[in-house]
Amino acid sequence: MHSFARTHATEVALLAVITVICTVLSFATSNFFSLGNAFDLLNTSSVNIIFAVGLLVVLIAGGIDISFAVAASVVQYGTAIALGWIGGGGWISGLVIAGSIGICLGAINALLIHRFRVISIVATISTFNIYFGLLMFFTKGVSIYDLPEWLTDRVVLFEHEMADGSWIEITLPVLVMVLCVIATWVLITRTTTGRQLYAFGDNPEGARRFGINIGAMQFIAFGWLGLMAGIGGLVQAHYAQEVVPNALYGRELDVLAAVVLGGARLGGGKGSVLGCVLGVLLVAITQNGLNLMGVSPFAFKMIVGAIILVAITLSNTSIERLFPFASQKGARR
Amino acid sequence: MHQLANTGGSEKPLLSLHDINMTFGGVKALKNVSFDVRPGEVHCLAGENGCGKSTLIKIITGVYRPADGASIEYDGETYSHMSPVTAQDRGIQVIWQDLALFPEMSVAENIAFQTVLGRWPKLVDYGRMRKIATDALKRLGITLDVDLPLKDYAIAQRQIVAIARALVGQAKLVFMDEPTASLTQSETDHLLDIVRGLSAAGVAVVFVSHRLAEVLEISSRITVLRDGALVGVYPAAGMTQSRITELMTGKTFDQQVRARPRGDQPVVLDVKGLSRPGQFDDISLTVRRGETLGITGLLGAGRTELAQTLFGMLKPAAGTITLEGRPVHFSSNRDAIKAGVAYLSEDRLSLGLIQPQSIADNLVISSLGKIMSGAFLSDERKRRLVAGWIADLGVKIGRQGDPISTLSGGNQQRVAIAKWLATDPKLLILDSPTVGVDVGARAGIFDIVSKLAETGLAIILISDEVPEVYFNADRVLHMAQGRIVGEYDPRVVPLAEIEGAVYA
Amino acid sequence: MTSFSDRLKAWFGPEMAGPGLALIAVILVFGLASPQFLSAATFGSVAFQLPELGLLTLAMLLPILTGGLNLAVTFTANIAGLTLAWVLQANGGADAGAGAFALGCILAVAVGAASGVVMGLVIAFTRAHPILVSLSMMIFLRGLGEFLTRGGDVSGFPAFIGPLGHGSIAGIPVPLIVFIVCVLAWHVLLTRTKLGFNTYMIGSNLEATRYSGINTRKVIVLVYTLSGAMCAIAGIIMLARFNSVRIGHGESYLLITVLACFLGGVNPFGGFGRVIPVFVALIVLQLLSSGLNLIGANQHLATAVWGLLLVGVMVLRFAASKFKISFVRKGT
């Protein structure tokens, strides 16, 4: 435990903050502390968590991606059209199509970054504008409502009525989210490729000298985010039961803030799946709690923004003073 | 001095290079170089910066491909060029100067990187990784917690990790590029012991270092390069530091003690009882007008911290600083600069100069007030100020607007000195001014220092190379573990006595 | 001739090549494609559209030069506009006098600068990444604005404000005049003042700049403060043009401002970049969208083309550097 606290200071700090917030909310509101609400939170956070673990991989590899959320919108349209061609399809074919389109869009970023040496923020701001502009141009801003039935039907995998009358539900988005989280965790902690991604983000020149294929790293990182964006896009369409071209516009920065809150570092080499999920949940729990406390929905974002600003300020100044066991200098001579 | 039992003898070489040529953007980096290493020997590669040492190492390890016609014979096989994969598979390892480690990853991952992380995707075997790392460290007689991230360890331990990594892959030939540059003396001694151990175990080591004392102590043969060409291969026995320097630069150096008495001059800096816990303790010293005070001591003796305190970047816990009779309390280095203190950082690349920016901007940054015309900066004043200093200090530049990084180390250091002289200092602190400066260009730097002292500037010259302060300072202070433990007059005391005290 | 080209280079710097070529290409292509392109109408539409994006881009430029980013520019502009709107409403709405307008402008600039001060202080003292600090400021300001306006419009301003958004003086649109004054101010700031000099130095190496005796924290706080104040000017112009304030106005400009800076040759890592090439890049972007409008496309296609243009310029720069290296190698 001591060692975990030292090597995972951010995650421990996030857990502590989440615990404090939950404790406060449990006393302040009557229905925050219920399993029903907890599962509700998971259901609503699924799409963001899927995006977040994808973005995490790119951040670990030392890149940044602004384009993934609008890429997900492109995927939604592309998938809807492709499903029309094949006459409906199902969840499997839908996920395969969405994932493939997502990977292709991610690969365009990787191509610009690796082949033409455009730095990732420039490349992805360009593709952000290209994807979004073309999407709005070709769709003329029109939404799609007549999606296949399997896509809009709520899939409840598990439900149970609690003693207090509230329902516990695990829906398909949660299952997909859990699978994405596990897959990302396996990729970055258990496979050699994942460790190479960390190494590449940590010290690109060192990685190059050890014969790591730099191009492959870029394509894997951005391809993985593309895959997650594709899957997340499809799940979002399922959740919203419609496809709106600018529904995900602006989501990229919210997800980025949550991932970085979870301990990933802009510049690469650092970040964990646990921290990333906790970062998204912290924001979601805060919003959910404020909602239950009867705070105006217009005030949510303001308070969330203030919390992130304070969290970033604190984590850069005195995390070692707040949590002495998290000190990095303990092992120095 | 230690003598090595294994001097290689007349065995067949492990590595033998012939006709190595390499061109970068029209510049010949290597010209018909030959080089050979015998099994189990410690071989030193010596030469000034830019002589082609690093290029040669990169050719042997497959990072670069030499021009056609090259032959690389290694362990019974002949190659026209190497690839990083072949070199690693055949037991050639490099410990790069920048170590090429991964600070966020665990010690185990850093050590077992090549072996376990392989080239094709598979699941990571953390158990095997830990075992490999622990075994490699055990061979070096070191215990570290292999699960901690590398960034938790200090530079000396990271060096050990880099060596351990090189040993994992059944190394036969290990290159060490400036392995002692950032180590203290005791850490260096430990490293040299490890090198001897490797040699005794039959691993050949090619050692690159600018510290010639080390080179003579550890190696059996020395290959000298100059301007990309081979000067010769010499047995270490019978070599002296000055002979190697001559071979490296093609010039002879006849160093004279420059010390002059300055006791009659007014005191510029008077420091009494200055302390910072854990860094330096009870430091008292004076520097007079026109005097050059040398401060030497090993890395970690507190010299740089003392200098930064005098420059206002660190605050003393106790003691007084008096500048020209007035007590001063600096709250930042801006106060110090205003009061007439200038500090040339030891880290020219990342603290001393702003590498991507122009020569002119680097020179004027600390004295912007001088190039103002009314409320605005004047390009004309800037150009004239820069031209004046460039001429005064004999800096060789193309255009004032070229990036400072296009200059050689010696010329960069001249610009850095000019930048501080432009602030009209009364006291100039030079912290290791010859780091990264070619041996041939060092004398030029010290000529400037000497001329500045003649004009009445008080100078503190800090260096861990005792001869540098011995020959160029009027008085020499010896710092050890944060205290001043000795004061010497170079006109009276022989160099060997000070070296004996410092390196003891 | 050489001295003339040298002087040109000194004025524009090497950053000018990309936007300069793009400008010529855009004028040629659309001039040939549509006879109405080279006309007063095009000039008019560009002149009125340029200032909003342009002022926000100036606000983005300074932080990028220090190696940072200010993602809060659009919402800072909104909040500043809101400040002015309230002052006007508190003083009689459509009947408010010039005094109220002046007071409102001062307060708006103060509010914009305040948002910059907070970001600057956090960035300078905690060394938190500017992307994160300005991102959370953006989320905060967006929330604050939506909370205060309940997502609606604030309108009903005195008529004399209209010319600030739509009027012309001697045939030159007033917003364009404001913008050009700001461009010149930024140009002088960056090339002629200590603050500008230090901004570039910090962008290349903050620690080395601090060792040189520069108060780097002060410079960073000032840079973000000025950035915030420039956002406020953009917010005032936007208020005058739309005759209303709504949180989210100009939101889509955010990443375009970054794109315009990069297109103008600003180094994404900081330390290098000039105002004039960025100004030219902005003209290119507006000409592109006006030209596309003429041939029947809409703003969304223009957005996509902007993205393609940045990719194109980056790829050309990459190709040019490759060509230079191979040329040098072959040349000797």
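This is a predicted model: local features need pLDDT of at least 70, side-chain atom pairs count only at pLDDT 80 or more; totals for chains, interfaces and linings use all residues.
Chain A has an average pLDDT of 85, and 91% of its residues score at least 70. Within chain A, residues 318-333 form a stretch over which pLDDT stays under 50, although the model still has 22 contacts beyond four places in sequence for that stretch. Chain B averages a pLDDT of 87, with 96% of its residues scoring at least 70. In chain B, pLDDT stays under 50 over residues 1-9, for which the model has 15 contacts beyond four places in sequence. Among the elements of chain B, the lowest mean pLDDT, 73, belongs to helix α4 (residues 113-117), whereas the highest, 96, belongs to strand β16 (residues 341-344).

The division of chain B gives domain 1, covering 100-169, and domain 2, covering 267-503. Taken over C-alpha atoms, the centres of domain 1 of chain B and domain 2 of chain B are separated by 39 Å.

In chain C, the reader may turn to L190(C), which is found in helix α8, a helix of chain C that spans residues 174-192. L190(C) counts as buried because it has 20 C-beta neighbours inside 10 Å, and 20 or more is what that label requires. Once its neighbours within four places in sequence are left aside, L190(C) is in contact with G196(C), T199(C) and V275(C). As for V275(C), this residue is 85 residues apart from L190(C) in sequence, yet the two are 8.0 Å apart in space, C-alpha to C-alpha.

Terms used: Residues are numbered from 1 along each chain as its sequence is written. Chains are lettered from A and ligands numbered from 1 in the order in which they are written. Domain bounds come from an automatic or database domain assignment. pLDDT is the predictor's confidence in each residue, from 0 to 100. Two residues are in contact if their C-beta atoms, placed from the backbone, lie within 7 Å. Helices (H or I, at least four residues) and strands (E, at least two) are DSSP runs, numbered from the N terminus. A residue is buried if 20 or more other C-beta atoms lie within 10 Å of its own, exposed if 12 or fewer, and partly exposed in between; C-beta atoms are placed from the backbone.
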